[in-house]
Each structure stands twice: as structure tokens, then as C-alpha cells.
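Here are my notes on the model you sent over. Have it open on screen while you go through the points.

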Amino acid sequence: MGFNEIDIALIKELQKDVYLTADPFQRIADTLGLSLDHVLEGVRDLKERGVIRRFGAALTPANAGFKTNAMIVWDIEGRDGLKIGEIMASHPRVSHCYIRPSFEGFPHTLYTMTHANSEVELQGIIRELCTKSGLKIFRILRTIRELKKTSPVYF
Amino acid sequence: MDAVDRDILNIIQSDFPISPEPYAEVGRKVGVSGDEALERVKKLLAGGVIRKVGPFFDAAKMGHKSTLCAVQTPDAKIGEIADIIATYPEITHNYLREGDPNLWFTVIAPSEERIAVILSEISQKGEVGPIHNLPAKKMFKVKVDLRIKGD
């Protein structure tokens, strides 16, 4: 995807810490010497193109009441991975869903991430995923500790 | 966290208004002033409920490669390996999980070569391995939207 100079300047500014102010986009406009409308249009355009996949707040799940977070890895048991992936992804409580390579001692290739309030809720979500997908072989890799969580820096 | 905080969080996770005064808009939706909405978000950030407010870019559309890596790390070495991992800005997430392998981290870098260099450095500096490099073959969903319900 091509970016022109103004895109790049805008993307750089958008990554700065300006969102705890009443008028963050005006501040970005002032820094770049652009009009407010130009910045707002630019951001909407980046969202439409999918360059910005989400604009908003990221929470720390454990501090927002989601105490039981788990990556559940599935053995797709010879089934159509593309179909099963879509089924898993359609569950509202699955936040991430990918197919990844297997490796020695680890035949699981379908990865789903889920954030739950409790172990009971987690087990309920897993039961629903089993029912929806028909898969039976999985491992629950609960989060023990978050050691690092940051955002990448572009340009 | 009260009902207004929950309403604000449920709105700004996915729909932070791209408008001249975003908090005034959020405030109108939840029935408080823009100033109060902003103050509440500041408190939620200070309290660690919110980690960040801003844009989340699609790494691939930004021309970057991303991957998930896993490495089995003995308990006694977890702190050391976590410290090595922390020095790389390209590594954005690192979690200790149940099972073997137990350490799972994501790398986002301009090229696969750079990712390979990072993994080889961690392996050498930390004397751990093998590090399993597991780039997605297919991505179905990335949508973290934690709906917060009342008590």
C-alpha cells in the first residue's frame, strides 16, 4: 500500500499521546499545519482503507474484570480449516482467530483467544465453541502473566 | 467503575469519535458533559483499566511482517528472558501461559529477515530454544471488544 508524504506525517502524529485532550485532532492539525477537516478526512480515509483497523481505547483485560484469559489451541482433526476458522471467528467472545503452522509435539494449528470473567464463563465459551465447530481436541493455554504489552511504532 | 464508566468504555473501544471534540460527543451519548467524559477516561487510564487510546494499525497494510513465537523457558529463567524481550520495540506482546511451550510473544518488523535476527539474538543471549516461529497462515479475526456488563 502506497503512502504519500502527508499520509506518513499524519500516521506519525497519530501515534503520539494526544488523545486525553478535548480536541486531539485539532492539536494534530496545528502540529502539521493542516486544517482540522483535512486531518479528520485523513483519519477516516485510513480507517476506510483498513490501514487503521480500529480507533479507540485498548483495555487491560485483567483490570477491566476479565480475570480468565486464555489462548485455546485446536487440532482441526483433518477438517476444512478455513470453514472451521470462520465458525470460531463468528463467536463474539473470540477476539483473535488464526491458523498457524504446527511444530513437533504441538499438532494444534487453530488459535482462538478469549477473555472471560471467570473460569466458569471460560468453560461455557469453550463448550459453545466445541458445539459450533464439532472439534474435540484442544488445549487451554491460560494467561498466567502479561510480561509485555505495547504498540508497535511505524515510520 | 460505575455505569457511566462502563458505557464510556463500551463506546470508545470501537467507536472513538473522529470529530472535533470526541469527548463532548461521547458525553452526550452517556449523559455527562464532555469535560466529565474526558476526566473519567483519564481516571480509567491512571487506574490501569485503559492501556491506551489511539489508532491500531494493520501491520500488513503498513508493510510489516508479524508473527507469534513460542519458546519453552524454565521457571528460573523467565525473568531474564522477559528482560531480553523487553528491549526489542518490535516485540509488542509477551505472555507467560500454561503448558509447554510457556512463553508466547509477538514480533512486528519491517521484514522477515529482521524477525529472524531478533529470534536468533534472543536464543543466543538467553540460551533458550528452540524458538518456534508461527506466522499466521490465515487470519480470521482480530477484534478485541471487551463488552463490560453491570454487576
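**Notes on the two-chain model**

1. Start with β1(A): six of its eight residues are buried, so this strand is largely enclosed by the rest of the structure. Buried here means that 20 or more other C-beta atoms lie within 10 Å of the residue's own, while 12 or fewer makes a residue exposed and anything in between partly exposed, with C-beta atoms placed from the backbone. Helices (H or I, at least four residues) and strands (E, at least two) are DSSP runs, numbered from the N terminus.

2. A word on conventions: this is a predicted model, in which local features need pLDDT of at least 70 and side-chain atom pairs count only at pLDDT 80 or more, whereas totals for chains, interfaces and linings use all residues. Residues are numbered from 1 along each chain as its sequence is written, and chains are lettered from A and ligands numbered from 1 in the order in which they are written.

3. What does β1(A) pair with? Its partner is strand β1 (residues 50-57) of chain B, antiparallel, over seven bridges; two strands pair if DSSP finds at least two bridges between them. In this pairing A:Phe55 sits opposite B:Pro55 of β1(B).

4. Chain A as a whole has five helices and five strands, in the order α-α-α-β-β-α-β-β-α-β along the sequence. Its radius of gyration is 20 Å, well over the 15 Å that the globule rule gives for 155 residues, so chain A is more spread out than a compact globule. (That radius is taken over C-alpha atoms, and the rule is 2.2 Å times the number of residues to the power 0.38.) The C-alpha trace spans about 55 × 35 × 25 Å along its principal axes, and 33% of the 155 residues count as buried.

5. Now the contact between the chains: 61 residues come from chain A and 60 residues from chain B, where contact means C-beta atoms, placed from the backbone, within 7 Å. On the chain A side, β5(A) gives the largest share, 10 residues. By class, that side has 35 nonpolar, 14 polar and 12 charged residues. For the classes, Ala, Val, Leu, Ile, Met, Phe, Trp, Tyr, Cys and Pro count as nonpolar, Asp, Glu, Lys and Arg as charged, and the others, Gly among them, as polar.

6. β3(A) and strand β6 (residues 138-142) of chain B run antiparallel and are joined by four bridges, with B:Val142 as the bridge partner of A:His96. Within chain B, five bridges join the antiparallel strands β3 (residues 91-97) and β4 (residues 103-109), and B:Leu96 has B:Leu103 as its bridge partner.

7. Last, the helices α4(A) and α5(A). In this contact A:Ile84, A:Ile87 and A:Met88 of α4(A) meet A:Leu129, A:Lys132 and A:Ser133 of α5(A). These residues divide into four nonpolar, one polar and one charged.

Notes
Two residues are in contact if their C-beta atoms, placed from the backbone, lie within 7 Å.
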